[in-house]
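Let's take a walk through this model, starting with the overall picture and ending at the ligand.

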Amino acid sequence: MAHPGAYFYLPIRSLRPRRAYCPVTLRPQPYPRISAQCQRWQSSHPGSAGSDNATTHLEPPSPDLSHLNPAPDDYSRFIFQDKCQVTMHAGAGGNGCVSFLREKYIEEGPPNGGDGGSGGGLYIQAVEGLTSLHKLARRGVIRASRGKNGQGKSKGGKRGDDILIQVPVGTVVREVERHDPVEEEIARRRIEMKEEARRAEELKMAEEMRRGEEMRKAQEMEMEEGLERKEEEMENEAPEIEEGEAFAPIRHDRWVLYPGAHPSDFLTVAFPKIKPRRQQIAAMEPQAPIFLDLSKPTEKPILLAAGGAGGLGNPHFASRSMGRPKFAARGEGGMRLELDFELKLLADVGLVGKPNAGKSTLLRSLTNSRTRIGNWEFTTLSPWIGTVVIDDNTGRPLVESKGKTRRTNFTIADIPGLVEDAHLDRGLGLGFLRHIDRAGILAFVLDLSAGDPVQELQKLWHELGEYERLRDAEPASEEPEDLEGVIDWGPSSSGLPEFDRPQNQDIELLSPNEESVSSPSNSHAPRALPHLPMPPLHTKPWFVVATKADLENTQDRYRALQEYLSAVQKGLTEHPSGNPNGWKERLHAVPVSAMRGEGVSHIPRLVMEFLE
Ligand SMILES: Nc1nc2c(ncn2[C@@H]2O[C@H](COP(=O)(O)OP(=O)(O)OP(=O)(O)O)[C@@H](O)[C@H]2O)c(=O)[nH]1
Ligand SMILES: [Mg+2]
């Protein structure tokens with residue numbers, strides 16, 4: 001036990017209770033205006049913003065609001081990419097092995113070369129939690145590994161490792177180009193067989209003509225010199241050599257030769273005509289050309305391209321006439337795919353507003369994002385995606401989900417500010433209007449302190465409408481004039497491809513008479529992909545976030561905005577987009593002070609209503 005005298009030496013400061021850090025005392029100004037507006041909004045929307053327990057969960061007392069009004073250098077860099085093209089290679093199959101059993105007293109054992117391992121496949125999966133394609137874009141070329149070669153003693157080669165690429169939900173994958181060695185080999189064989197059939201036909205005709213000629217000559221001779229002389233002539237004729245029977249040069253791209261063999265050993269070897277092979281799993285590949293609309297998370301990875309089949313070892317070629325074949329098959333090559341990835345759904349909610357409206361501050365107050373905030377226009381120069389976690393990762397949802405799919409979070413995109421005539425590429429260009437196009441729900445962020453919010457809303461809708469008009473007119477003007485040789489294809493309406501390729505289609509040898517199957521997959525010219533079809537902007541659910549409600553003279557403006565929206569909803573006023581079919585089921589204007597973090601808790605509730 002310490003001596004009571006010891007306390008005498010302690011500094012007096014340490015004995016005093018520490019004063020808790022309290023932002024309220026640091027910023028003593030009350031904000032009665034926003035609180036009053038929020039309360040009114042709550043009472044008018046009892047379902048969505050009541051004073052139930054969930055509110056207290058959603059809006060825990062924030063001890064520190066400095067992150068909502070940060071210093072100019074307090075932000076992080078957000079790398080974002082919504083489009084990219086990637087070249088992907090499936091692994092080639094390993095080669096078969098040429099080997100023979102060697103044992104004591106067995107001089108020339110039977111063949112025992114193992115088969116090569118199959119190459120690694122390419123898989124894709126859409127997962128939640130990813131928001132950008134920049135990681136994929138950085139990889140550029142992706143290769144699955146090759147299967148290992150077979151070995152002696154009938155040891156098969158190890159199969160190559162598969163590659164799984166993960167993309168954000170809402171990604172659309174389209175094929176730009178493909179190079180399929182198996183398909184090419186099939187096409188080459190088809191040409192060869194046609195050529196052979198043509199040559200056989202020619203020989204047959206030549207033979208018939210020769211026979212006819214001989215008959216004619218014989219008759220003449222019979223008449224002129226007699227039968228004896230004709231027989232003499234026929235004996236002197238050269239023996240028939242069928243061109244088709246000549247041995248073709250060895251195809252080293254298809255065969256592995258026994259290293260111990262001499263090239264002359266193969267002069268009389270007739271290499272079997274084996275069909276190009278595919279792995280069984282290749283039947284699961286989506287139909288070419290690939291079009292995948294990954295609008296939902298995919299539980300199981302989807303196969304894009306199976307690796308090449310492994311080559312067969314030499315025992316496969318043993319026959320009665322050739323007991324010890326000194327060759328084995330090489331593995332089939334892997335497919336090369338050039339794929340275009342595009343985010344069709346950037347985020348569940350897109351923040352649309354003029355520069356300096358307070359979009360980034362709103363995103364900061366809703367999420368943990370560290371987007372840049374500044375009191376000047378174009379603080380945000382590229383989209384930022386934030387995730388609103390609605391179950392706090394505790395398993396107990398803060399917003400009760402009524403739908404079957406229990407969502408635990410949703411994403412919000414902070415998009416650079418929209419200026420007047422943005423559709424004419426003013427401001428930060430048309431690029432970010434494309435991002436607005438890719439948001440599921442539009443949240444119009446209106447600065448109540450900046451002027452008439454109704455007018456502002458109408459201007460924003462006008463820009464969107466003009467952009468939409470240009471966007472829809474674009475494909476026609478971009479159509480290439482010369483369409484010859486371009487293979488036209490339309491994305492499947494069902495989104496996900498149908499896995500209906502017959503199992504044995506790939507290993508079937510086509511008869512020479514068969515017409516060549518159109519193979520759009522093998523067209524080598526890269527195709528200009530058409531624009532992704534997007535739903536019309538005016539049909540998307542939308543709501544208004546009336547921000548900076550803590551400032552002076554904002555109450556009347558908010559009231560006017562509310563009246564305007566209820567008139568639109570009732571059909572008394574034209575939809576701000578000017579389109580009679582514009583979405584106006586449930587129009588809300590949520591007053592918030594993003595900088596104070598007040599009123600923002602209603603937004604997750606509202607968004608969840610829309611999402612369900
Ligand atoms: N008083 C008040 N000021 C706010 C509020 N929200 C944002 N601001 C201020 O408004 C200014 C602009 O905020 P930002 O969030 O950067 O605006 P923005 O819409 O992202 O602007 P851009 O990125 O340029 O398009 C900053 O100085 C913020 O502090 C608010 O609710 N109340
Ligand atoms: Mg911003």
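**A tour of the fold**

The chain holds 12 helices and 16 strands, where helices (H or I, at least four residues) and strands (E, at least two) are DSSP runs numbered from the N terminus. This is a predicted model: local features need pLDDT of at least 70, side-chain atom pairs count only at pLDDT 80 or more, and totals for chains, interfaces and linings use all residues. Residues are numbered from 1 along each chain as its sequence is written, while chains are lettered from A and ligands numbered from 1 in the order in which they are written.

Of the 612 residues in the chain, 36% are buried (20 or more other C-beta atoms within 10 Å of the residue's own, with C-beta atoms placed from the backbone).

Now look at helix H6, residues 181-224. Its 44 residues should span 64 Å at 1.5 Å a residue, and the end C-alpha atoms are 63 Å apart, which agrees; the expected span is 1.5 Å times one less than the number of residues.

Next comes an open sheet of 3 strands, in the order S4-S2-S8 with mixed pairing (strands pair if DSSP finds at least two bridges between them). Strands S4 (163-168) and S8 (302-305) are at the edges with a single partner strand each, so one side of each has no neighbour in the sheet. S2 (residues 122-127) runs antiparallel to S8, joined by 3 bridges, and Leu122 stands opposite Ala305 in S8.

Finally, ligand 1 is surrounded by 25 residues, the closest being Gly358, Ser360, Asn375, Thr380 and Gly417 (C-beta atom, placed from the backbone, within 6 Å). Helix H8 (residues 359-366) gives the largest share of this shell, 3 residues.

Conventions: A residue is buried if 20 or more other C-beta atoms lie within 10 Å of its own, exposed if 12 or fewer, and partly exposed in between; C-beta atoms are placed from the backbone.
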